[in-house]
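Q: I would like to go through a structure with you, one topic at a time. Could you begin with a term that I will need?

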Amino acid sequence: MRTACWIGSKRGLTDAREPLRRYFEARIALGEPPVILPGLRRSEALEALAGGGGGVTGTRPEEEAPIAAEPGAPEAPTPSTPELARLAREGTAERIRELDFDELREVALACRRCALHEDRQHVVFGEGASDARLVCVGEAPGAVEDETGRPFVGRAGQLLDLMLMSVGLRRDEVYICNVLKCRPPGNRNPQPEEIAACSPLLLQQIDLIDPKVIIAFGTFAAQTLLGTRESIGRLRGRTHLYGRFPLVVTYHPAASLRNPGWKRPTWEDLQIARRVIDGDSGLRSGAAGRELSLDLP
Ligand code: SF4
């Protein structure tokens, strides 16, 4: 049975979870080390804080267990119709842009439309709510993603989960995917022909989800989606437009693990996205072109 947690104040007893949530949000924003709650798994620690709070972890050994692939996921499923099988081999952008979500997933999971299919273990199609208000887009699967078939797993994925929580979003409320669905060998940079082949899958994914905002994580995702060579430092901190969707650019969680000083600007960028979700588009009316600006207050 769960019990409430209360603290005293001049005005009487107060539910302690909200101030605790704000405290842990501030910790993660400032790049503080994690708080260790002995004897709890991370999920139990987060549940104890009612879903709030970054920078919290437990010490139970299960926490360190490797992430397993989704059970039963076939490595190369056969599409359910000859037409979908044909699209997985040679589908044009125009035809892929006509698919519904289930058809799109079938085509992607069997896709051989660029050379990256030769070395992959799994296609990483994406996961999350099909009606998500936020779509997170990274660059391409890494080794763990290729192994598991899931996007943003491992330590970078855990940091992403905590950062989403710090702006009041759970991982299962958003949609997470990459520009490329298959891992480039050795994590090399994606090639233009691979981006061209895979982009229709991402475009259709985003169109069907119809989010309120997109976040591009990392330089490559940002530059690919915005069609620019500008640095992430110049692109972040404001709202752009990707087609009809507001788009916010920020650092990739893996980069923030290497450079903790980027956690705070990432948190600020996530707050921009949160404001767009809450109804502030952040876009100046009357501005033209693909990129519109928002100056932070
Ligand atoms: S990277 Fe994209 S286009 Fe290339 S094989 Fe994988 S799913 Fe198909």
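A: Buried means under 20% relative accessible area, exposed means over 50%, and partly exposed lies in between (1.4 Å probe, protein chains only). This is a predicted model, in which local features need pLDDT of at least 70, side-chain atom pairs count only at pLDDT 80 or more, and totals for chains, interfaces and linings use all residues. Residues are numbered from 1 along each chain as its sequence is written, and side-chain values use heavy atoms, with hydrogens and water left out.

Q: Is Arg-264 buried, exposed or partly exposed?

A: Arg-264 has a relative accessible area of 34%, so Arg-264 is partly exposed.

Q: Which side chain does Arg-264 meet in a salt bridge?

A: The partner is Glu-268, at 3.4 Å from N to O. A salt bridge is a side-chain nitrogen of Lys or Arg within 4 Å of a carboxyl oxygen of Asp or Glu. Both residues lie in helix H12 (residues 263-277), four residues apart, which is about one turn of the helix. Helices (H or I, at least four residues) and strands (E, at least two) are DSSP runs, numbered from the N terminus.

Q: How many salt bridges does the structure hold?

A: The structure holds 17 salt bridges. One of them joins Arg-244 to Asp-210, with the closest N and O atoms 2.8 Å apart. Arg-244 lies in the loop between strand S9 (239-242) and strand S10 (245-250), and Asp-210 in the loop between H8 and strand S8 (213-217), so this pair ties together parts that are 34 residues apart in sequence. Arg-244 is exposed, at 53% relative accessibility, whereas Asp-210 is partly exposed, at 43%.

Q: New topic: which residues surround the ligand?

A: Among them are Cys-111, Cys-114, His-117, Cys-182 and Cys-198. A residue is near a molecule if one of its heavy atoms lies within 4 Å of it.

Q: What space does the ligand take?

A: The ligand takes the space of the largest cavity, and about 110 Å³ of space lies in that cavity. Of its 15 lining residues, the closest to the centre are Cys-111, Cys-114, Cys-182, Cys-198 and Leu-201. On a 1 Å grid over the protein atoms alone, a cavity is a set of points where a 1.4 Å probe fits but cannot get out, and lining residues have an atom within 4 Å of a point. A volume is the space filled by probe spheres set on the points.

Q: Which helix gives the most to that lining?

A: Helix H8 (residues 192-209) does, with four residues.

Note on methods: On a 1 Å grid over the protein atoms alone, a cavity is a set of points where a 1.4 Å probe fits but cannot get out, and a pocket is an open set with protein on both sides within 12 Å along at least five of seven lines; lining residues have an atom within 4 Å of a point. A molecule sits in a cavity or pocket if more than half of its atoms lie within 2 Å of its grid points.
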